[in-house]
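Me: I would like a close look at a single part of this assembly, described with its cut-offs.

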Amino acid sequence: MRMANRSGESAFVPVATITALIVVIWYLACLPMNADLPQLKDAQGLGNRYAIAWALERPVLPSPHQVVFELYHSTIGTRLFRQTADGMVLNPRNLLFHAWVTLSATLVGFLIGAMLGIGLAIAIIHSRVLQKSLMPWIIASQTIPILAIAPIIIVALGSVGLTGLIPKSVISAYLSFFPITIGMVKGLSSADAMQLDLMRTYNASRPVTFTKLRWPAALPFLFASLKVSISISLVGAIVGELPTGAQAGLGARLLSGSYYGQTVQIWSALFMAAILAALLLALVSLVERLTLRAMGGRP
Amino acid sequence: MTTGMAIEIRDLSLTFQTADGPVYALEKANLAVRPGEFISFIGPSGCGKTTLLRVIADLEKPTSGSITVNGVTPEAARLGRQYGYVFQAPALYPWRTAEANVMLPLEVFGYSKAERQERARRYLAMVNLAGFEKKYPWQLSGGMQQRVSIARALSFEPALLLMDEPFGALDEIVRDRLNEQLLRLWAETRKTVIFVTHSIPEAVFLSTRIVVMSPRPGRIIDVIDCDIGDRRTLDIRETPEFLKIAHRVREGLRAGHSYDD
Amino acid sequence: MSAPSGTPSRILLPGLAGMGAAFLAVLLAHGTGGILLWLAALMAWLLLWLANHHWSAVPERAPTALARAGGIGIPFLFGFTLLFLWEVICVGLKVPTVLLPPPSMIGARIAGSLPTLGADFVQTVIRAVIPGWIMGSLAGFLIALLCDRFGFLRRGLMPIGNFISALPIIGIAPILVMWFGFDWQSKAAVVVVMTFFPMLVNTVAGLASAGHLERDLMRSYGASWSRTLLALRLPAAMPFIFNAFKINATLAMIGAIVAEFFGTPIVGMGFRISTEVGRMAVDMVWATIAIAAIAGSSFYALLVLAERRVTFWHPSNRQK
């Protein structure tokens, strides 16, 4: 138990080792998982069987490099734009097109949800009635599988002519709104009691107390809930593409891959979704770091 | 190694390697403690008093020098359950009652259930907490919690008691009372006690010998015999003998640059 | 300090009157309608809002029964207001049911389709959610114990676990359907994967949350790793573990239902939602959603009760 701080110790070696271990296990698992397929029924020799297992066309478990190649092939290896009667549009054969469809719904929904969430949190902090009547419902809503509502939103909005981006954004907004409200209410009320008293000795008005004390105190909570929200928002956009057989988007790719048994397509869509999630989180983290640095917070 | 010594420390040094460079927590400390003594370590923060206590407890390892506790290495003493440790904070487990907290070491050491309960009751009574056995830590005041912590350290009857500023977080009035109780306990049980403090009156009141330490690097600069008699009450703090020793302690701290910054 | 005299009547009178007016409005909405309906609705809304406003002004710590009941009563009144407004607006304004059906219609559908809804509940909750939740949480817990024992594993797995928690794991559903078939096993598998990581991350955090002094104490007793685990680290980890249990309850419900969107035999809550949506039978969809909401919140409430008993010592559970 040394006094010297060890928490800065690099986690690179363990993480790299575990990741490498996972990849190795994945490669090894390809043979037993795919063993029932016809191509392997008569094959002899372990090396031969593995070589076949790693290059199957419709595998039960694709090998890592198959997924990587498919990802490469369907993004960089395919034309991004194509010429149509309406001019140059994104090529639906390219996975990035689907990624963009899902991403746009995610971002729009996230921004709307965030603004609504922050707005409602501010209202709740300043109104006792709202705090006591609405907050319990918002907290209770966390226990409900809200995602089950996605199909009905698609249909309801479709019946008034809204399709495509808007219903998915509504779902994403709805999902991302709750964590932000809860997080911001917690954050805006997290100001130290002594500091609130100090503001009162200055006879500071409520807006001033808000901008100078409550809002800065709430920022850590804001960023924590933004990270949760943006992940949920992405899930919402993907699930929003499922019920009505949408043609575009990562969720649609997952669904069609599932219907037609195109395993590698499913995996590459899944990996693309994971990459999107990682990028979105990195973006929020970056904004967080820049904001905290501008506020003089510890790096 | 001289036999019969409760603790023997020779040329003990401990250097921590931190990101900002080496920290000389202890430099060539020398001390011999006879059984039954009440020794205080006093000094400002950074003088190494807590570090020295932790080395005795085998919670830190020295970089050089030697130390024996009851004739064996600190590690053997720890594994042999030869000391009880009282921390700066009560460190009671909040999901256990006072009684269950006192029984914790007894459970680890494998005492029977009947034995555990009997000892827990006895030692809680010894620290004047009879009747509070079923209370949870948060239902007790700070002073009471610290007393439970002391009862816990006593329950398996170690010969050596190590106490790290146990009353530091309490107000002076409670502190006075606990000092009296501790002294009475020590008189009854005659354990060897090593007591870390940064309060001069407390050190002089409680100890048979006072070890004055100073920081940067941590070292022992004076060892003062505190011979103001055995039967001590709080009034003794205003006698000239008491004040003379307190003065000597203060001079020692000043010489060790404790008041510089 | 007691509330000003007459406060009970300032709350009860508008509250009861408001509820009465609400019922009247609902009856009128289903009946003749007209201007009387809207007057009644407006009156009800104002009265109920007034009752809530006065109730919220009662100091929270006051010893009166009214103050204590406020914790449940105020949100209940609020919910009641929303419900009656929903009914009145949907029926009175003749909102197309495909957009939003009124609560009465949903209630009628629930009452009329109990066998189907019951079978769906069994398929999704009893067969997929509960077993998946148990297995996923158990797996996460055991791996967390290994991580606690072996620092290398913890340092390597934690960042990976945190990362995966943020990914849209639900996307794994089609793959698991392919591996485990269309029936409940694949849905349970989805739940296992979704609940594993929050449990892992939270348990590791919980095991590490025991304080330095408490851990030094165990060291001073020469206690072994397993002894320290049982006496200190596990009890200290309980708040975190229950936090994961609660998170996982919601994730499990979502996982099982959404996984059914990808393919399922002809029963299950997700199946019911996706097929009835295709048939535009919105009342059935909302009925299923209502059952899912009740199931989800009941599961969560049970966990909260268990949490209060196990972690009674935690500051958040104590009366201060």
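How many residues does the contact take from chain B and how many from chain C?

Reply: This is a predicted model, in which local features need pLDDT of at least 70 and side-chain atom pairs count only at pLDDT 80 or more, while totals for chains, interfaces and linings use all residues. Residues are numbered from 1 along each chain as its sequence is written, and chains are lettered from A and ligands numbered from 1 in the order in which they are written.

The contact draws on 17 residues of chain B and 16 residues of chain C, where two residues are in contact if their C-beta atoms, placed from the backbone, lie within 7 Å. On the side of chain B that touches chain C, α2 (74–79) and α3 (98–109) of chain B each supply at least two residues, helices being DSSP runs of H or I with at least four residues, numbered from the N terminus. The most comes from α3(B), which gives three residues to that side. By class, this side of chain B holds 15 nonpolar, no polar and two charged residues; Ala, Val, Leu, Ile, Met, Phe, Trp, Tyr, Cys and Pro count as nonpolar, Asp, Glu, Lys and Arg as charged, and the others, Gly among them, as polar.

The C-alpha atoms of chain C fill a box of roughly 80 × 60 × 30 Å along the principal axes. Within chain C, 74% of the contacts with a separation of 6 or more join residues 24 or more positions apart.
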